[in-house]
Amino acid sequence: MTRTKSADHILVAIMIALALYSAHSIFIDKFNTAQNAPILKAGEVLTFKNSVKRKTSQIFSWFDTFKGDSLYNGDSIFTYENSSADVLVFGNKVSLAENTLIKISDVKDQTIDLEKGSVDATTIDGEYLTLSIAGEKVKVGGSQAKIQISKTEEGKRITVKDGKAKVKIGDQTIDVDNKQSINIVKSNAVSQKPLSLNLYPLHKEKIYFTNNKKIEFKFESLEKEPYFEISQNFDFSKSRKFQAKNGNVKLTLNKESSYYWRICNYDLKEDQFCDISQFELIKAKAPNLYLSEDKNQYYINQDIVFNWEHESENYKIFLTRNGSKILEQELTSRKFLYTPQEAGNYVFQIRPIYPQQLDQSIIATTKLIKVIPIPKLAVVNHILPNQDEKLIYYNKDDAKIFFKWDNPQNINQFILRINDKVINTKKPFQTILLEEGRYSWDVTPLLSESITGPTSDSSNFSIEFKKPSSKPEEGTIIELERPGDEVSFEWSGEDQRFLFEVSSDNQFENIIHSETTTNNFSKFSFGEKGTYFWRSKIINSQGKVIYSPPKKVIIQPGTMPEPIQLEEKKKIKIFRKTSHFLLKVLDFFIPSAHASEAQTIRLEWPATKKAKRYIVKVYSDPNGEDEIISKETSFPHLDLEVEELTSLFYKVAIIDHWNRKTKFSNLSEVEIVYEYQSQRPIKLILPKHKSSFETKKKKRISFQWESQKYTENYQIIISKNLNLSNPIIDKKTSTNKILLNLPKGRYYWKIISFDKNGKRINSSKRRLVSFYTPRNKKKSNKKSIVSSTKKVKVSRYHFEKHLPILLYTPSKFSLEQSSSAHNVNIDGTFLNSITFEGRYLSKFNYSLQRSSGEVFSQYGFQILDLSGNYLSPYSQKFISNSFINYGVKAKSLKIFPLSGTSLTELNKTLFGAHLGLSFGNFYKSHYEATLGYVMGNYSGLLGTLKFRFKEKYILGFNYESGSFEEGSSKVDFSNLSLGIGSSF
């Protein structure tokens with residue numbers, strides 16, 4: 001026995017060492033390679049069909065790939081069943097069949113690893129395509145040879161589908177003719193000839209159909225009666241097989257898919273193989289037609305640009321006006337330009353031209369367009385600037401010119417000409433002109449890019465720039481941007497004493513400033529507009545003042561700010577993070593201080609230094625009637641909570657530093673788009689992955705999944721295919737569960753969540769579930785024996801009595817902080833509180849309470865309370881069912897002011913030992929009362945009273961008070977809460 005145990009220990013040690021070495025080889029080496037190897041681009045994904053996954057050297061998990069994705073060294077690509085992809089690698093276009101795995105292993109040597117499956121490629125003149133076929137390194141070259149490389153259970157094979165190719169394996173070079181193959185065995189190549197030649201359908205051919213498609217397979221075979229085999233899988237794991245005669249087989253197919261076929265028999269010679277050809281059966285679809293301008297009404301002589309999306313290369317278009325055909329034309333592009341010359345109702349129809357004869361009417365798309373005459377527009381009338389207006393500016397940065405005109409017949413696009421400058425704009429328009437001089441401007445309505453209305457008469461204005469006077473002369477007008485701006489005064493004379501005075505009257509009876517200085521200059525700030533007088537004179541050696549004649553200056557506000565011009569429409573994205581259940585639990589145990597979950601957007605507008613404040617009005621309708629908010633702000637933006645809004649409208653006015661108010665801006669539309677950032681896929685709860693169920697007529701299985709935030713409804717997709725194509729169930733539900741009974745078979749299922757606007761939020765992974773039909777049980781002739789033993793009724797309560805409970809605990813909370821300097825009282829009710837508690841082995845109690853929120857909108861707080869205690873029976877004659885409980889208690893208390901108050905932030909962690917007495921047993925007698933005392937770095941009383949109803953539901957009351965020292969302050973607190981919840 002001792003030797004056996006020793007041998008077991010040695011064997012276990014060896015297995016652990018091998019496991020560690022394997023883990024090091026698999027993960028550490030790959031990780032180091034991923035970290036140290038330079039990331040070099042090797043190609044990109046050209047097209048893909050159904051489920052195609054990609055894995056990089058930096059990330060060890062598979063994820064979806066899409067058209068245009070770049071490929072780098074170390075990347076792997078895998079195609080699922082009935083999936084395919086075309087990729088460009090090292091300049092070669094490589095087509096991947098289904099269930100194919102390739103890896104770009106070496107960018108320097110330009111090597112592609114084929115781990116499994118089949119790929120097709122075309123060789124490039126003068127170059128070799130380097131492949132590693134499951135460890136065998138080969139090079140294939142030739143002049144535009146079409147080759148197929150495969151790694152299956154049958155072996156490693158290179159087949160020339162068209163042309164001639166050279167294959168290098170080590171030192172061996174083999175010429176491979178058209179329709180021939182080589183089989184690679186241990187670095188040796190064996191040439192093989194096909195048992196038959198597959199003539200039609202051609203390899204990689206696309207065949208289109210509308211309903212059913214009858215296909216005649218043609219071939220030449222060395223055998224008289226070979227077998228014809230067709231499958232949707234490259235490995236022919238599921239196929240149809242029957243004898244073929246006379247070199248052709250006729251089949252009717254009606255499922256869109258990739259098909260593989262071959263002509264074979266059971267007795268292949270060593271130098272023969274079965275040529276596998278592939279074709280794709282595609283359901284013909286109508287083109288997706290759209291216009292370059294999203295409208296159905298155009299003017300005569302206005303260009304109409306038709307665009308469409310489709311896989312075909314040739315098209316036929318038809319155009320009618322008022323029911324009469326006016327055009328029929330074939331095209332090879334996906335764009336058509338037409339300029340109507342007459343008014344009427346036009347019908348445009350586009351049909352793809354397929355190589356096969358199809359019912360073209362089924363796959364046509366039509367578009368109805370109304371063409372109207374060009375309206376007679378009124379001439380534009382100028383509003384601003386006024387005719388021959390002279391605009392004076394003291395700062396070039398402020399030379400903003402606001403052009404405004406009327407809007408004939410609601411035209412919203414114009415051509416504005418300012419001298420030789422042409423601007424395509426909406427009205428009104430604002431710009432900065434930095435040169436003095438005379439300007440001329442006119443406006444032309446613009447119906448479309450090629451159709452204009454009558455041009456207005458020219459209007460003139462002029463611009464003049466002036467510098468603020470540093471030596472204000474008699475009657476000088478000084479414009480100030482804001483009250484309190486300094487004005488410079490200067491006079492003649494040097495090296496003397498001067499007296500400088502400013503008065504509001506010319507007799508200097510009301511002097512507002514007097515200054516003695518040895519300089520011949522000074523500055524003074526005017527707080528109000530008006531007419532003022534100033535003077536300066538020399539103070540001679542005897543101290544006598546000789547005044548100069550006063551000079552008048554006029555202080556006026558500067559030019560009024562121009563109204564703000566807002567964008568007509570803009571889009572704002574809001575990212576909503578959908579949290580997983582585990583993150584919610586983590587947040588429950590570790591409270592986080594954060595704002596409310598209402599989403600906030602920022603409305604912004606152009607800032608101007610002339611603005612003292614801004615007035616913002618926000619509406620929910622485009623007519624500006626339903627006002628949401630009206631607010632003044634000192635900043636050129638406003639933060640607004642928009643939890644449920646999808647659009648809003650706002651306008652802004654300026655109040656300048658002289659308290660003058662401008663007109664409101666135009667009404668700007670804001671479209672709010674909610675984007676979702678998911679932490680992880682939706683968790684599928686029931687049924688478990690790979691579980692099996694017996695199918696019965698009246699028995700339904702519950703499909704359940706984790707509920708998602710912001711979700712309006714869920715889409716459940718159930719299919720027999722791994723890529724969830726051709727689903728047997730595809731429906732939406734507003735709940736996170738559904739009852740279903742499915743026929744016998746294996747099914748894949750998936751959940752997708754959508755918000756109230758129909759936008760996709762998140763999805764789950766695919767899971768597998770099976771249903772089977774039970775075998776018929778033989779009837780037994782034996783009579784059933786009835787046991788005389790009575791059944792023991794097991795109470796459900798017996799199993800739930802120690803289950804944890806979750807309580808919602810709204811509370812009344814009060815706190816008083818007192819010191820010699822101040823006394824602060826906080827008293828309020830909070831609703832954001834949850835308690836989690838339970839009992840283990842009928843002796844150990846544990847509880848966790850988390851509370852957070854605001855009190856009277858003045859203080860924010862967070863409380864995390866953790867306690868545990870032990871119950872010791874203490875029963876006397878006069879007290880039955882009683883216990884002594886003792887344990888520990890920890891409390892994290894954080895209170896901080898939300899605005900300026902006398903309480904600084906209070907952040908305290910409290911610990912104490914708990915001793916108390918309990919009456920009753922909450923888990924047995926359905927009630928319990930506790931009274932106790934806590935001692936530690938805080939002290940206080942606590943008491944609880946709880947009742948249980950119907951074995952599951954709980955109602956309770958809790959009171960706690962305590963006090964502790966915080967610096968020179970004493971803090972007293974109390975908490976009275978109500979508990980409502982249940983066990984789970």
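Predicted model: local features only at pLDDT ≥ 70, side-chain atom pairs only at ≥ 80, totals over all residues.
Colleague: How many cavities of 30 Å³ or more does a search of the whole structure find?
Modeller: Rolling a probe the size of a water molecule over the atoms shows where empty space is left. The largest cavity holds about 630 Å³. Over the whole structure, the number of cavities found is four.

Colleague: Which strand gives the largest share of the lining of the largest cavity?
Modeller: The lining has 34 residues. Among those nearest the centre are Glu837, Lys946 and Asn958. The largest share is five residues, and they come from strand 76 (residues 953-966).

Colleague: Which strands each supply at least two residues of the lining of the second largest cavity?
Modeller: This lining includes Phe813, Gln849, Lys891 and Glu960. Its residues divide into four nonpolar, three polar and three charged. The strands that each supply at least two are strand 70 (844-855), strand 71 (859-873), strand 72 (882-897) and strand 77 (969-983).

Colleague: What is the relative accessible area of Lys179?
Modeller: Lys179 also has a positive phi, near 65°. Its place is the loop between strand 15 (172-176) and strand 16 (181-185). Lys179 is partly exposed, and its relative accessible area is 22%.

Colleague: Where does Pro385 lie?
Modeller: Most peptide bonds are trans. The bond joining Leu384 and Pro385 is cis, with omega about -10°. Pro385 lies in the loop between strand 35 (382-384) and strand 36 (389-393).

Colleague: In strand 32, which residue is the bridge partner of Val305?
Modeller: Strand 29 (residues 304-309) and strand 32 pair in the antiparallel sense over four bridges. Strand 32 has a covered face, Phe336 and Tyr338. Its uncovered face has Lys335 and Leu337. The bridge partner of Val305 is Leu337.

Colleague: How many residues apart in sequence are the parts that Arg535 and Glu501 tie together?
Modeller: Side chains of opposite charge can pair when their charged atoms come close. Arg535 and Glu501 meet in a salt bridge at 2.9 Å, N to O. Arg535 lies in strand 48 (residues 530-539) and Glu501 in strand 45, so the pair ties together parts that are 34 residues apart.

Colleague: Are Arg535 and Glu501 buried or exposed?
Modeller: Check each against the 20% cut-off. Arg535 has a relative accessible area of 15%. Glu501 has 5%. Therefore Arg535 and Glu501 both count as buried.

Colleague: Which residues do salt bridges that share partners join into one network?
Modeller: Start with a pair, Lys908 and Glu966, which meet at 3.5 Å, N to O. Lys908 lies in strand 73 (residues 906-919) and Glu966 in strand 76, so the pair ties together parts that are 58 residues apart in sequence. Salt bridges with shared partners make one network of Asp865, Lys889, Lys891 and Glu960.

Definitions and conventions:
Residues numbered from 1 in each chain as written. Heavy atoms only, no water. 1 Å grid on protein atoms, 1.4 Å probe; cavity = no way out; pocket = protein on both sides within 12 Å on 5 of 7 lines; lining within 4 Å. Points joined across faces, edges and corners; volume = space filled by probe spheres on them. Nonpolar A, V, L, I, M, F, W, Y, C, P; charged D, E, K, R; others polar. Buried < 20%, exposed > 50% of the residue type's maximum accessible area, 1.4 Å probe, protein only. Pairing = 2+ DSSP bridges. Salt bridge = Lys/Arg side-chain N within 4 Å of Asp/Glu carboxyl O.
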